[in-house]
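The sequence and the model come before the text.

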Amino acid sequence: MSELSVNHLLGIKHLNPQDIELIFKTADQFKEVINRPIKKVPSLRDITVANLFFENSTRTRLSFELAEKRLSADVVNFSASSSSVKKGETLIDTVNNILAMKVDLVVMRHPNPGAAVFLSQNVNSIIVNAGDGAHEHPTQALLDAFSIREKWGELKGKRIAIVGDILHSRVALSNIFCLQKLGAEVMVCGPTTLMPKYIKSLGVQVSHDLTEALEWADVANMLRVQHERQDTRYFPSIREYARQYGVTRELLDSLNKEITIMHPGPINRGVEISSDVADGDHSIILQQVENGVAIRMAVLYLLAAKKQMEFSA
Ligand code: CP
């Protein structure tokens, strides 16, 4: 297969395993490109991309921008805080005005779950979801699975524990979909209050004991507690949370096994992960960030190529 089954990247839910494998194979090639002295290819030379960020971001925003520039696309960046959204302009009006400037592809982060699907149904452009509220973060899940594949070989049969604030996490949901489509087993671990009620219907194992989860897992993906999405107190204190669900060097040493530690960022050092683990030899956190550029290059390239093929058919 050399073509994606989808016209947009709205969520991992909409991809099939062949789509994910195609993205990985394409990212393998782009990873080689970005490690060359000349990191640029002309693949998207006639394409203009708008990055629309209605929510804060460091990694995703810079990673998309670098991916676009390394593919030779023209890039415009939009930040809601300094735009006419503040004067009451709707999302559809905002995007249609940007598209009128001959933009071909929109990358959007938005606080509302479903915003990317809504946009894809209401404007005429390729849409890439860069995170929509607590719903999905598809490129994060793709770069996470790609990083596990790089470290452990194929995903089939691997055991991945996702630890922390599952309730508010788009990374958790996209990772669950992606890892299961690739044949991995998934366990979620965290306090009962940070676990969605429907979690078992996703076919994952559930644990409230970090040591048990780490003993089971080949890989642990440590998530940040998302205070900005919390409307009430979900645990007694940060200190209590860190004691029960924070991964430390002592805990890893006590396991006496090979285990890989991941984190999507931003990290709260001393809360979900200690500094010596974040910076230590179990951690592949910066490899995840590096792989993010190659994965996003692959996604943008494959979506633009599919559109191009439709035009020329
Ligand atoms: N992982 C992630 O989405 O980080 P940012 O919020 O900094 O983009």
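How far apart do the C-alpha centres of domain 1 and domain 2 lie? The separation is 26 Å. Domain 1 is made of 12-136 + 289-312, and domain 2 covers 138-284; these bounds come from an automatic or database domain assignment.

The model is predicted: local features need pLDDT of at least 70, side-chain atom pairs count only at pLDDT 80 or more, and totals for chains, interfaces and linings use all residues. Residues are numbered from 1 along each chain as its sequence is written, and side-chain values use heavy atoms, with hydrogens and water left out.

**Interface between the domains**

Contact (heavy atoms within 4.5 Å) involves 29 residues of domain 1 and 24 residues of domain 2. The buried area between the domains is about 2400 Å², and carbon and sulfur atoms give 63% of that area. Buried area here is the accessible area (1.4 Å probe) that two parts lose on being put together, summed over both.

Three salt bridges are counted between domain 1 and domain 2, where a salt bridge is a side-chain nitrogen of Lys or Arg within 4 Å of a carboxyl oxygen of Asp or Glu. Ten residue pairs, both at pLDDT 80 or more, are in polar contact across the interface. A polar contact is a pair of N or O atoms within 3.5 Å; within protein, one must be able to donate a hydrogen and the other to accept it, and residues adjacent in sequence count only if both atoms are side-chain atoms.

On the side of domain 1 that touches domain 2, two or more residues come from each of α1 (17-34), α2 (59-70), β3 (105-110), β4 (126-132) and α11 (285-312). Helices (H or I, at least four residues) and strands (E, at least two) are DSSP runs, numbered from the N terminus. Of these elements, α1 gives the largest share, eight residues.

**Salt bridges**

The structure holds eleven salt bridges.

Lys-69 and Glu-65 are four residues apart in helix α2, about one turn of the helix. Lys-69 is partly exposed at 40%, whereas Glu-65 is buried at 16%.

**Two buried positions**

Ser-169 is in the loop between β5 (159-163) and α6 (170-181). With 4% relative accessibility, Ser-169 counts as buried. Its side chain reaches the backbone nitrogen of Val-171 at 3.2 Å. Beyond neighbours within four places in sequence, Ser-169 is in contact with Ala-134, Leu-223 and Gln-226.

Gly-11, in the segment before α1, is buried at 1% relative accessible area. Apart from neighbours within four places in sequence, Gly-11 is in contact with Glu-136 and Pro-138. The C-alpha atoms of Gly-11 and Thr-139 are 8.6 Å apart, although 128 residues separate them along the chain.

Definitions and conventions. Buried means under 20% relative accessible area, exposed over 50%, partly exposed in between (1.4 Å probe, protein chains only).
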